[in-house]
Amino acid sequence: MPRHLDYFTEQLTDEQRRTRTFLEIGRRAGNFPSAIARTAEEDSEVTVWCSNDYLGMGQHPAVLASVHDAVARFGAGSGGSRNIGGTNHRHVELERELADWHGKDAALLFTSGYTANDGSLAVIAGNPSGTIVFSDELNHASIIDGLRRSGAEKRIFRHNDVAHLARLLAEADPEAPKLIVLESVYSMSGDVAPLAEIAELAHRYGATTFLDEVHAIGMYGPQGAGIAAREGIADRFDVVMGTLAKGLGTAGGYIAGPQDLIDAVRTLSRAFVFTTSLPPATAAGALAAVRHLRASEVERQNLARNARLLHRLLDEADVPFRSHDSHIVSALVGDDALCKEASALLLNRHRIYVQAINAPSVREGEELLRIAPSATHTEADVEKFAEALAGIWQELGIVTASDRAAGRTTAGVKELV
């Protein structure tokens, strides 16, 4: 075996090999959140509690009809990059709709939310030379990678700490171009950024703002346009980044902002230029999802109802979770082995699928079950889930919310073998 390959064999421990496991899931269109889980032993029906298709748009009849129509018209793929044969009218229509949704001049599609952040920030943060970037410490990996690729000078501010951000801005060269990068709803903690205060700082120091709304679009604000729109300050954020997954139920990512900035990213972003574009059917499905969610409140209301109910039931059960601010309900376990055990018990005993989240997605000692109630869960589903989780929490001796409030943070009274 080549020495290069030997490295991976020698470095990976058995524990590291077991760190990330993937359950095969076949979601059942028309029956979300039901899915068929495939294991070595058998296929079984489960209820999914960790999907990012928060509103169930991946099965909405209007979305499916648009996808089917586009496949029939255009085939499976796009046929090229956007620059060479891969720009379909569905791409153009969707970009126009997204720009209008966010009240911006223009929008630009990417093949994923990850590449939208990575590819656009490499350009936006890297130009002009000497730009200083101010980035929240809990920003997504795609933001971190894009900023690294840009080569820009970075100042990391403590999570949602406006005072720390203000101090860093005040200490920076007043003549240097400045860019503030943050998320509206954070993917693991589920908390919401203080957008109005950060927008005010950006105005005071002449900074451009880049707001990642991937866990908010579709779910919050007028027509589902996001948290900034909900707060009435969407116009104070220069660039909005979003995803076609999650609230829109398909796949892909985008940015929306000033025309000249969008044109620069379109021209300079390697992640945009050098890849095959989204299938027209995917763009068509996302377009149908946006148009539906701009006109319908039903999905948002159902999601909010289920999130509030789950918050209340977990509070009553003394199960600690990160935030009451959003639909992301991250139950804090704080121990890798216990987190995996809790996930396994939910699946094997209750046919409930929630993935255990460990490092590097979260810091060691902050392992959690990232629970995602959706618009497609029923009230009975939520009650059943909360009861099952509370029982497992007690059975495994996982630290409760009361324990944590009292400073007791040792996880687990059950010996795992």
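Helices (H or I, at least four residues) and strands (E, at least two) are DSSP runs, numbered from the N terminus. The structure described here is a predicted model, in which local features need pLDDT of at least 70, side-chain atom pairs count only at pLDDT 80 or more, and totals for chains, interfaces and linings use all residues. Residues are numbered from 1 along each chain as its sequence is written, and side-chain values use heavy atoms, with hydrogens and water left out.

Most residues other than glycine have a negative phi, and most peptide bonds are trans. Arg351, which lies in the loop between α14 (336-350) and β12 (352-353), has a phi near 60°, a positive value in a residue other than glycine. With a relative accessibility of 28%, Arg351 counts as partly exposed; here buried means under 20% relative accessible area, exposed over 50%, and partly exposed in between (1.4 Å probe, protein chains only). Gln223 also has a positive phi, near 60°, and is found in the loop between β8 (208-212) and α9 (227-230). This residue, Gln223, is partly exposed at 34% relative accessibility.

Two cis peptide bonds can be followed in the model. One runs from Asn127 to Pro128, with omega near -5°, and Pro128 sits in the loop between α5 (113-124) and β5 (132-136). Another runs from Ala359 to Pro360, with omega near 10°. The loop that holds Pro360 is the one between β13 (356-357) and β14 (368-371).

Rolling a probe the size of a water molecule over the atoms shows where empty space is left. The search works on a 1 Å grid over the protein atoms alone: a cavity is a set of points where a 1.4 Å probe fits but cannot get out, a pocket is an open set with protein on both sides within 12 Å along at least five of seven lines, and lining residues have an atom within 4 Å of a point. Grid points are joined across faces, edges and corners, and a volume is the space filled by probe spheres set on the points. The second largest pocket has a volume of about 440 Å³. Its lining has 17 residues, and those closest to the centre are Leu138, Met188, Pro360, Ser361 and Val362. Sorted by class, this lining has seven nonpolar, five polar and five charged residues, where Ala, Val, Leu, Ile, Met, Phe, Trp, Tyr, Cys and Pro count as nonpolar, Asp, Glu, Lys and Arg as charged, and the others, Gly among them, as polar.

What of the enclosed spaces? Across the whole structure, two cavities of 30 Å³ or more are found. The largest cavity has a volume of about 90 Å³, and its lining includes Arg27, Phe32, Asp53 and His377. That lining divides into four nonpolar, six polar and two charged residues. The second largest cavity has a volume of about 80 Å³, with Arg82, His91, Leu109 and Phe110 among the residues that line it. The elements that give two or more residues to this lining are β4 (106-110) and α11 (270-273). Its classes are five nonpolar, five polar and one charged.

In soluble globular proteins, nonpolar side chains tend to be buried together. A nonpolar core is a set of buried Ala, Val, Leu, Ile, Met, Phe, Trp, Tyr and Cys residues joined through side-chain atoms within 4.5 Å. The largest such core has 59 residues, of which Leu94, Leu98, Phe134, Ile180, Leu182, Leu195 and Leu244 touch the most other members. Helix α12 (residues 280-295) gives the most to this core, with seven residues. Not counting residues up to four places away in sequence, Leu94 touches Leu109, Leu244, Ala283, Ala286, Leu287 and Val290, contact being heavy atoms within 4.5 Å. A second, separate core of 29 residues includes Leu314, Leu345, Ile371 and Leu389.

Ser326 is located in the loop between α13 (298-317) and β11 (329-332). Apart from neighbours within four places in sequence, Ser326 is in contact with Val185, Gly190, Tyr220, Ala307 and His311.

Finally, the structure holds zero disulfides, a disulfide being a pair of cysteine sulfur atoms within 2.5 Å. For Cys50, the nearest cysteine sulfur is that of Cys339, 11 Å away. Cys339 counts as buried, at 1% relative accessibility.
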